[in-house]
Amino acid sequence: MNSEEEFYDAETGLDSDDSCEVSFKDATVYDGKQTSNGSTLSQNGVWGRRQVCEFVYSRKFPKKVELSKITMPIVFNEPLSFLQRISEYMEHTYLIHKACTLSDSIERMQFVAAFAVSAVASQWDRTGKPFNPLLGETYELVREDEGFRLISEQVSHHPPISAFYTESLNQDFVFHGSIYPKLKFWGKSVEAEPKGTITLELLKHREAYTWTNPHCCIHNVILGKLWIEQYGTVEIVNHSTGDKCILNFKPCGMFGKELHKVEGHIQDKSKKKRHVIYGKWTECMYAIDPKVYDSSRKAEKKSGSDAKKHKQEQSAVSDDSDEMPEVQETVAMIPGSSLLWRIVPRPPHSEQMYNFTSFAMSLNELEPGMETVLAPTDCRHRPDIRAMENGDIGMKKERLEEKQRAARRERARDEEDWSNRWFHPGTNPHTGSQDWIYTGGYFDRKFSDCPDIY
């Protein structure tokens with residue numbers, strides 16, 4: 001068995017036969033009477049998004065497991081599908097709205113870059129695996145308070161590919177892409193290599209931006225405390241103007257000095273550096289003039305070398321685990337910097353609820369009347385995720401998998417190919433690369449020909 005390609009979670013996460021990513025604030029809170037699942041009903045009858053998950057579970061990990069050869073227990077999961085995890089890109093939609101209001105393309109790029117960084121911020125301390133989407137599974141998210149609606153679909157099982165399409169309710173932007181996270185198992189850690197292009201189109205400015213997410217590594221999957229690292233170069237291209245933003249998600253290094261740091265710059269089509277962007281993907285991002293930034297860094301290095309030598313004292317590290325470095329001090333703002341984005345603090349009970357943000361806690365909620373409106377393939381109907389959220393961690397998904405295998409056998413017998421309902425393979429018009437294109441029509445809610453996958 002090839003450990004780079006086999007990371008099967010039959011009851012949980014990403015795909016079985018292939019290796020395995022506001023608003024004008026955070027999720028809205030309504031004043032009013034709280035219901036049993038943490039939602040609130042305001043005095044005017046408006047349904048408020050819940051602030052807690054229905055089930056809290058404390059994970060106890062086995063000390064020794066061979067991840068490439070076992071069915072992963074459901075305890076390693078969080079009660080969300082990977083399609084729902086993708087929708088968390090939209091937690092800081094206000095950054096796109098801000099970019100739409102700006103007349104200067106370089107300033108727009110600043111906020112697009114901040115949005116690209118914020119899209120991975122929810123992964124901080126999220127060590128649970130999302131459930132693998134079944135072929136044909138969908139997820140919709142309509143947020144009138146945030147000004148967007150999203151539809152995603154699992155368009156391929158081998159390899160696992162998830163496609164999504166988001167549109168502004170005011171026709172300001174569309175945000176779409178396809179995600180294929182290739183998982184590599186390195187013994188102590190699992191690395192998710194991002195594949196697939198992400199595209200943001202600002203319609204009123206006739207601009208299209210594309211990028212790919214950074215690498216994500218989960219340390220200590222066998223023994224020790226799990227912790228997450230994002231690293232790699234992300235290049236955001238404005239295909240209309242030729243502007244680029246090059247962001248470096250820094251690996252933590254031997255002593256953890258660079259843990260969570262992101263640094264980069266925006267350059268125009270003549271490759272002149274226009275702005276430097278810096279911060280942490282777990283905290284905030286700033287923009288500053290390149291000359292001021294360089295001057296500040298030179299002064300910082302000089303004062304640092306004169307005052308003291310960097311203490312190079314390694315903490316005792318077990319051969320069986322990669323200790324998480326101590327998180328360094330918060331981002332120090334350089335005078336003259338402009339704040340682009342700051343993460344919204346998680347609710348106080350987040351640690352007992354899978355380290356979810358307020359946004360994530362609302363994603364699997366079935367609001368009153370929603371069951372009759374959603375497509376039958378929506379993962380909020382999915383029985384294993386619903387069972388886990390209700391506290392039934394013994395629930396297996398063998399029935400779902402066997403149903404999927406039986407459907408494949410039937411298609412093979414009848415020599416029929418699988419046909420996706422909402423996306424089709426095509427070419428990204430901006431990059432020329434293979435992509436999945438939204439067919440349209442989902443929100444007409446004509447679901448009679450949707451497959452029966454649950």
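**Figure 1. Overview of the protein chain in the predicted model.** The protein chain exposes about 20,900 Å², and carbon and sulfur atoms supply 50% of that area. The model shown here is predicted. Of the 454 residues in the protein chain, 55% are buried. The secondary structure consists of seven helices and 22 strands.

**Figure 2. Helix 2 and helix 3 meet side by side in a helix pair.** Two packed helices are described by the angle between their axes and the distance between the axes. The axes of helix 2 and helix 3 come within 8 Å and cross at roughly 170°. Angles over 145 degrees count as roughly antiparallel, and helix 2 and helix 3 are therefore roughly antiparallel to each other. From helix 2, the residues Leu95, Ile96, Lys98 and Ala99 take part in the contact; from helix 3, their partners are Arg108, Phe111, Val112, Ala114, Phe115 and Ser118.

**Figure 3. The buried residues of helix 2 and their cover.** Which residues of helix 2 are buried? They are Leu95, Ile96, His97, Ala99 and Cys100. Cys100 has a relative accessible area of 15% and counts as buried because the cut-off for burial is under 20%.

**Figure 4. A salt bridge between Glu88 and Arg126.** Side chains of opposite charge can pair when their charged atoms come close. In the pair formed by Glu88 and Arg126, the closest N and O atoms are 2.8 Å apart. The two residues are 38 residues apart and link distant parts of the chain. Glu88 lies in the loop between helix 1 (82–87) and helix 2 (94–101), whereas Arg126 lies in the loop between helix 3 (105–118) and strand 5 (129–131). Glu88 is buried, with a relative accessible area of 1%. Arg126 is likewise buried, at 1% relative accessibility.

**Figure 5. A salt bridge between Asp172 and Lys204.** Here the closest N and O atoms of Asp172 and Lys204 are 3.0 Å apart.

Figure 6. In one of them, the side chains of Arg143 and Glu146 meet at 3.3 Å, N to O. Both Arg143 and Glu146 are buried. Elsewhere, salt bridges link Lys250, Glu258, Glu263, Arg297 and Glu300 in a network.

**Figure 7. Lys261 and its surroundings.** Lys261 is located in strand 17, which covers residues 261–267. With a relative accessible area of 25%, Lys261 is partly exposed. Leaving aside residues up to four places away in sequence, Lys261 touches Asn248, Phe249, Lys250, Gly279 and Lys280. Lys261 and Glu283 are 22 residues apart in sequence, and their C-alpha atoms are 9.4 Å apart in space.

**Figure 8. Cysteines without a disulfide.** A disulfide is a covalent bond between the sulfur atoms of two cysteines. How many disulfides does the structure hold? The structure holds zero disulfides. Cys245 is buried, with a relative accessible area of 0%.

Figure 9. The peptide bond that joins His158 and Pro159 is cis, with omega about 0°. Pro159 is found in the loop between strand 7 (148–156) and strand 8. Arg206 has a phi near 55°, a positive value in a residue other than glycine. Arg206 sits in the loop between strand 12 and strand 13 and is exposed, at 76% relative accessibility. Lys271 also has a positive phi, near 70°, in a residue other than glycine. The loop between strand 17 and strand 18 (273–280) holds Lys271, which is exposed, with a relative accessible area of 66%.

Note on methods
Residues numbered from 1 in each chain as written. Predicted model: local features only at pLDDT ≥ 70, side-chain atom pairs only at ≥ 80, totals over all residues. Heavy atoms only, no water. Helix = DSSP H or I, 4+ residues; strand = E, 2+ residues; numbered from the N terminus. Buried < 20%, exposed > 50% of the residue type's maximum accessible area, 1.4 Å probe, protein only. Areas by Shrake-Rupley, 256 points an atom, 1.4 Å probe, with all protein chains shown as cover. Contact = heavy atoms within 4.5 Å. Salt bridge = Lys/Arg side-chain N within 4 Å of Asp/Glu carboxyl O. Disulfide = S-S within 2.5 Å. Axes fitted to C-alpha atoms, helices over the stretch in contact; angles between N-to-C directions. Parallel < 35°, antiparallel > 145°, perpendicular 65-115°, else oblique.
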